[in-house]
Each structure stands twice: as C-alpha cells, then as structure tokens.
Amino acid sequence: MTRGMEVPFLDWRLENQPHVDDMLAAARRVLESGRYVLGEEVAAFEREYAEWTGARHAVGVASGLDALVLILDAYVELGALARGDAVVVPANTYIASILAVVRAGLEPILVEPDPDTCELDPARIEPALTPKTKAIMAVHLYGQCADMAAIRAVARRRGLRVIEDAAQAHGATCGGEKAGHLGDAAGHSFYPGKNLGAIGDGGAVTTDDAELAAVVRALRNYGSHRKYYNRFKGHNSRLDELQAAFLRIKLRRLDAENARRREVAAAYLAGIANPRLKLPTVAPYGQPCWHLFTVRCAERDRLQADLLRAGIHTMVHYPVPPHRQEAFREWHARSYPITEKIHREILSLPMSSALTPEQVNHVIQVAHEWH
C-alpha cells in the first residue's frame, strides 16, 4: 500500500486554531483580573454550560474523573449512598469510570455492553444487581449515548440513582435531550482531546438537583461551604479561571464543530463498504457527537499498520479492558467475553472538525479498499 497524504488522528493545534485570537485576549483578561481561582470566568462558564446542556446547575472541577468522584461522594454525604454500596458500571469503558467508584469507597459491578453499540446493555443490568446496589453509572462511550430511557426504567423499578459519565459525549443526544441532562447527575471531562477540550485539564458536574450541586461545590473546595469553615472532608478540585475562560470561547462554536464531525461520520458511513470492517452502529434513540469513530476488525493490528503505511493515523480505544488491567489484578480470573472481543477488534479512525474533505476521502478510499 503506497503512502498518500498524512491524516492525523487528532491535531489539537488545528482544532484550537480558530480560537487562538480569542483565547489570547481571554488570557490577558484573566491575568489582568487578579482573580485566578473560582472567579467570574468559572461562574460564567458554569452558567453557560448548564444552559447548553439543559441542566439547572453546573459545577466546574479539575477533571472528568474528579467530577464522577465528587458526585458519588456528594451522594454519600447526603445519605443516598453509603461506603461499601455497589454501583453498576459498564465492563466496556475507560478505566476512569471504574476508578471513580473505587475512589468513592464503593463497589463496581461490571456489566457487559450491547455487542452492536458497545454501550451498557440495559437488559443485563437487573440480573447483575445485588442488595447493595444503589446506583447505575451509564457511560456514553465514543460519543454516543447509552440507552437512557431503558436504563432509567430499570432504575425506577429498583430505586437506583442514575449517574452519567458524559466525558466523551459533549452534544450527544438521547430522546432529544443532551448528555448531561439524562440522569440524576453527570460528570464531564474537558481533557484537550474531547469535543469541548480545554488547554489543559478540567471537568464539570451537571445536575438539576440544587442540594447535590451545593454539596459538590463545597466538596471541590476542601469541603468548605464558606471560607475557612469546612462542612465535609473535601477535595481540592477546582476548574481554574484560565481554563474556564478558554472553555467559554470554545463552547460558542461547539455546535458547529460537532456538526462538522457528523458530516465526517456520515461520509465514513456512506463511503466505507468493506465486509472486513464493522462500522459503528448508530442507535435509533439519539444522535452521536462522534467523539470517536470506531470500526471493528478481526485483524485490527494489520489494519492499523496498513492504514499507517498509507499516512492514516489511528488509535485503539482501548487495548486492555479494565478487568485485565494490572490495577485490578483481583479481577483477572473474571471473563467478560463481549467486552474482551470489542477490545481485541476496535480501532478509531481519524475524527476531527479540522479534517479536510481530501483527508476524509483518503481515509474512505483506503479503508474501503483494504483487504
């Protein structure tokens, strides 16, 4: 296979290029303000992001992982959860979802995904529940929402909280509602590679629950409800003013950038007709934001190598499932065959609002003709 044009998997510099002038002005504004922690930029971003997601409250925190931990810790402080309770988590997820449960002193119950969408399978939740189960963490993986109507129905029947891991789902919808407004609370990540990415790290919690939001606000700031008075044993997890200012700028163009990602995904879905590749299954209940465009292939490693020879850069999300990670050696004897098959086969093609039509066509041609 001859090398064609270079197609980066995701070029953060190009993604941020349209925002550079506004960001430089924002950086100066923050520097000149003299307020660098929990100032007006964070407050303004929280208002704007809550409105954008449809939630009543947004709380800026230091990372997507912290957002999930703070939600769980807040529910413990409010008495909705107790240390040692169990939380359903997809077996097929990035390890952060599971780490949040463990860090909050709770027990993860891993549940297999739907083999087509790769999202948490609602039909598998109830058989996995134990008397200790008090919550479901639904992960919107790769930029497509989990089947939240079905998951919420299970939760209502069994009296469970529903927490969204919306780290990869900025702008994805389910039943017309955006991710982040589909459960009791949601954690968001603004890692630079996300659809809404900071120039560094950051995260947020969204919820309609004013009491939960107030506890998260305290927990992110040492458990303090007012300066030097600490109601809870909290964290130091605050979205900083500079990142909030940058995120406010990028949020204004996020809908347009997501629209471009959808155009790229539509072109891939229409143009790649290779029986060796399984393209993403788009569930009928919502619209992805296409954080990732994942294909599956029994010869994934050979496919990845051949695409690279053609100048196309790809990534594996993720090579090792959580229950096979060294961090969870106690789970190595477990078997989650659907999850394991996904992790053996999955490959992410280039996906970005900055991809040119020529680059998209090159990916389509090479992937379509690969054998």
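**Phenylalanine 45 and phenylalanine 190 are both buried in the aromatic region of this view.** Buried here means under 20% relative accessible area, exposed means over 50%, and partly exposed lies in between, with a 1.4 Å probe and protein chains only. The model is predicted, so local features need pLDDT of at least 70 and side-chain atom pairs count only at pLDDT 80 or more, whereas totals for chains, interfaces and linings use all residues. Residues are numbered from 1 along each chain as its sequence is written, and side-chain values use heavy atoms, with hydrogens and water left out. Rings of Phe, Tyr and Trp (the six-membered ring of Trp) pair if their centres lie within 6.5 Å, and planes under 30 degrees apart count as stacked, over 60 as edge-to-face and the rest as tilted. This rule gives a count of nine aromatic pairs. One of them joins tryptophan 12 and tyrosine 191 in an edge-to-face arrangement, 5.7 Å from centre to centre and with 85 degrees between the planes. Tryptophan 12 belongs to helix α1 (residues 12–16) and tyrosine 191 to the loop between β8 (185–189) and β9 (203–207), so this pair ties together parts that are 179 residues apart in sequence; helices (H or I, at least four residues) and strands (E, at least two) are DSSP runs, numbered from the N terminus. Tryptophan 12 is partly exposed, with a relative accessible area of 38%, and tyrosine 191 is also partly exposed, at 41%. Phenylalanine 45 and phenylalanine 190 form an edge-to-face pair as well, with 5.5 Å between the centres and 85 degrees between the planes. This pair links distant parts of the chain, since phenylalanine 45 lies in helix α3 (residues 40–53) and phenylalanine 190 in the loop between β8 and β9, 145 residues apart. Phe45, Tyr49, Trp52 and Phe190 make up one aromatic cluster.

**The charged end of lysine 178 sits over the ring of tryptophan 52, 3.8 Å from the ring centre.** A charge sits over a ring if NZ of Lys or CZ of Arg is within 6 Å of the ring centre and within 35 degrees of the ring normal. Likewise, arginine 226 has its charged end over the ring of tyrosine 229, 4.0 Å from the centre.

**An open sheet of three strands, in the order β7-β6-β12, shows antiparallel pairing.** β7 (177–178) and β12 (286–287) stand at the edges with a single partner strand each, so one side of each has no neighbour in the sheet. Two strands pair if DSSP finds at least two bridges between them, and β6 (residues 173–174) is joined to β7 by two bridges, the strands running antiparallel. Cysteine 174 stands opposite glutamate 177 of β7.

**Strands β2 and β3 pair in the parallel sense over five bridges.** Valine 87 has proline 108 of β3 as its bridge partner. Strand β3 (residues 107–111) is mostly covered, with four of its five residues buried.

At 2% relative accessibility, threonine 93 counts as buried. Contact means heavy atoms within 4.5 Å, and, not counting residues up to four places away in sequence, threonine 93 touches Ile98, Val139, Leu141 and Pro322. The side chains of threonine 93 and serine 97 are joined by a polar contact of 2.8 Å; such a contact is a pair of N or O atoms within 3.5 Å, where within protein one must be able to donate a hydrogen and the other to accept it, and residues adjacent in sequence count only if both atoms are side-chain atoms.

**Leu72 and Ile163 touch the most other members of the largest nonpolar core, which has 37 residues.** The elements giving two or more residues to this core are β1 (57–61), α4 (64–78), β2, α5, β4 (133–139) and α8 (210–220), and α4 gives the most, with nine residues. A nonpolar core is a set of buried Ala, Val, Leu, Ile, Met, Phe, Trp, Tyr and Cys residues joined through side-chain atoms within 4.5 Å. Leaving aside neighbours within four places in sequence, isoleucine 163 is in contact with Leu68, Ile71, Leu72, Tyr75, Ala135, Ile136, Met137, Ala138 and Ala185.

**The peptide bond from histidine 317 to tyrosine 318 is cis, with omega near 15 degrees.** Tyrosine 318 is part of the loop between α11 (300–309) and α12 (337–345).
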